[in-house]
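Keep the viewer open as you read.

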Amino acid sequence: MNLNIHPSIGIARLGNSPTEICLSPDSIGGLPYDSDNFGNKIDPITSFKDSIGRVKRQGQPFKILTDDGEELNLDSPNVASITWTVHLANKKAEWYQYSELQGNLLYGEENSYENQNIPKRNPENTTDRQNLFIDPGPRSIFGRQQSIGFDVSNVPEGYPAQYPNTNPKYGVGITTLGNLVTDDQGRLVVLGGFGNAGGDLPLISYGGSSTWHDDISDGPVYCLISFNDGTAPISLSAWCIVGSPDFAPEIVNISNLSDTMFDVGVRCFNLVPELYSNGQYNPSFTANFKRDILPIINRISRYQWVANVQPMMAFASYQFDYSDASADNLQNRQNYLSYFRQNDSQPPQPPYLPQEELFKIDGENIFPMMPLNSGSNSVSNINIMKFLALNDTQLFLMEQWANGNFENNSNFQPYPVNPLDAASVGNCVGLPMCPGIEVTWSMQNPTVYKAPYQILQYQNEAWYFDNGLTPSRDECAGGGCEPGDLTKRMACPWQADFFQCTIQYINFTNPAVNKETLSDGSTIPLPPTYYSYWWPPQSPWDVLVGELTQEGQAANGNIPAGQQMNYARGINSFTQMVQYWYALGFIRDKNAGNIGFPYLLETERNNELFTSEEVPVGKISGNPEDDATTVPVFYIETKSSMSKTQNARALSLLEHFEGIGFKEIEVHSDGLGFPRSGTRSRR
């Protein structure tokens, strides 16, 4: 009997509700599920927040399945016990500062962190880098309806745990990375932290400010299955990543993390030999329109609900029958494909740099190449990758479609990937990765995998009891991953980059330069630039306000229904995002599950925390005649002003801050620097 844990890489998500949880979706673009506090699934989620307005933590269930899909749990007749062990950790504070694609070993050893002279976070600590980890050690759980936390108070005896700063000067200290529960059948559910972040020094950078920590994490998942009939126990393993909330779960990234892992599996692990073998794609492979092509087109069309992308909408407007494989449709398909830019080589090989090209120009005709997103480095002038391209496997399948080597059959043969494995990571960002949202470009490196969709582990738990986690070890150099390795390259605290990394001004005329340096030493995108987006499904930018009642609109600045507004309006700095991230709304399809048109609106925004005013332009220009035009301004009042409100829910939210001991964040005297997007405007 061949058994495996599914998903092989699970995704849990932060939330700040201490009383309610939900469960991760089991399909790509699906909704999370409501559940009780032991992770027993109920129905698709009704509310992403609790009654006060705090975000529910999203737990990742793990199941034990046979190859034919049969599940083993505590209700199975021959199962005596199932013991789960999970080791989550956060290694961000010990790692290198984020530097776009510098450090990525797919560009060669000369691009390593050391050879590129990338500074480390918390560089003042030169003697004991291990104590910068948040490493609670492993936790084990077995039975039904059980719970155990990754808390500072219950470290396993003998484990060299690290909780570096539980009482910081600013923000909230990290005393837990979450907890484990088991449901009625003994399945494991991993729940991450509460979205806390704190440090002793003022924030200075979206990439990583000294002394700061957050409660993002990742690590291995083990289970030991014992049987009643004397069969030898079976040991299995998987991995879990704890990421930030997915505020638009029904909108899928054009190139998601499952696409990334599938691409690595195809090219490096012989996952689909009839598609790719002996170092090349098979030109006779038959693609399937509904499996391989239609999802990409649908994702392009859905970006309109979280970003103002008219060219992408025009591109997915069905100018011809995309599913028609006939020769009469060949020119239409090939012309459509010609608008998808190709990938740069890694390392790039000038002058062939297709990811630096914005437009396809045909005589006097001009149109942006697809997808119309930033690439993985439109920020710095080293290892430039200005615009997004699909990964190699996606592009090959698009080429097969364009050339007519495809079928349009709903009864297609699925690829050899468990649907739960694809679904968990399929709801994460795959490209671009700068650094990304949940994980970064290390997931493009085959050295971190032992098999498709399976993480290679560096050591066993007994080794960590003796040695703890390893400082400054780059898993991309080989040998496997430790707890915390998949998330350590992400911004610290995560809220800072979530605020900063939304839109990007990208130079589209000079492939050798992203930014120019001004006389004061600051850098700005080299003009002329194009207004592009990073990953709007995970970090929305333009959304339709979903308040459809008089009361709701009054609480939301009297914005009329149907108006497209900036998603993060009212959160005006990344220090505010650290404190008020949970006040953001969730984008939800009002027609989900119905046959008809998608209608995705912003819901559950904590409007009571925000104040809005219509500011006359004359206040800026000094010309009273300009007062006939006003600009809406949203902001968060000071705590002293907010405490005067009579709104019961707002008062409850203020009490929440008191309950977690939040300490007001100070900004460094030199300021927060110029955003990497090149603009402070959040229109």
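Which residues line the largest cavity?

## The largest cavity

This is a predicted model. In it, the lining of the largest cavity is made up of K92, I216, G243, S244, G436, I437, E438, M490, A491, W494, D497 and F498. Helix α8 (residues 494–500) supplies the largest share of that lining, with three residues.

The volume of this cavity is about 130 Å³.

How many cavities of 30 Å³ or more does a search of the whole structure find? There are five.

The second largest cavity holds about 90 Å³ of space. It is lined by 13 residues, and those closest to its centre are F48, K56, Q58, D246 and F586. Sorted by type, the lining of this second largest cavity has nine nonpolar residues, one polar and three charged.

## A three-stranded sheet

Now to the strands. An open sheet is built from three of them, in the order β11-β14-β15, with antiparallel pairing.

If you want to trace the pairing yourself, start with β11 and strand β14 (residues 197–199): they run antiparallel and are joined by two bridges. G171 has G198 in β14 as its bridge partner.

Methods
Residues are numbered from 1 along each chain as its sequence is written. This is a predicted model: local features need pLDDT of at least 70, side-chain atom pairs count only at pLDDT 80 or more; totals for chains, interfaces and linings use all residues. Side-chain values use heavy atoms; hydrogens and water are left out. On a 1 Å grid over the protein atoms alone, a cavity is a set of points where a 1.4 Å probe fits but cannot get out, and a pocket is an open set with protein on both sides within 12 Å along at least five of seven lines; lining residues have an atom within 4 Å of a point. Grid points are joined across faces, edges and corners, and a volume is the space filled by probe spheres set on the points. Helices (H or I, at least four residues) and strands (E, at least two) are DSSP runs, numbered from the N terminus. Ala, Val, Leu, Ile, Met, Phe, Trp, Tyr, Cys and Pro count as nonpolar, Asp, Glu, Lys and Arg as charged, and the others, Gly among them, as polar. Two strands pair if DSSP finds at least two bridges between them.
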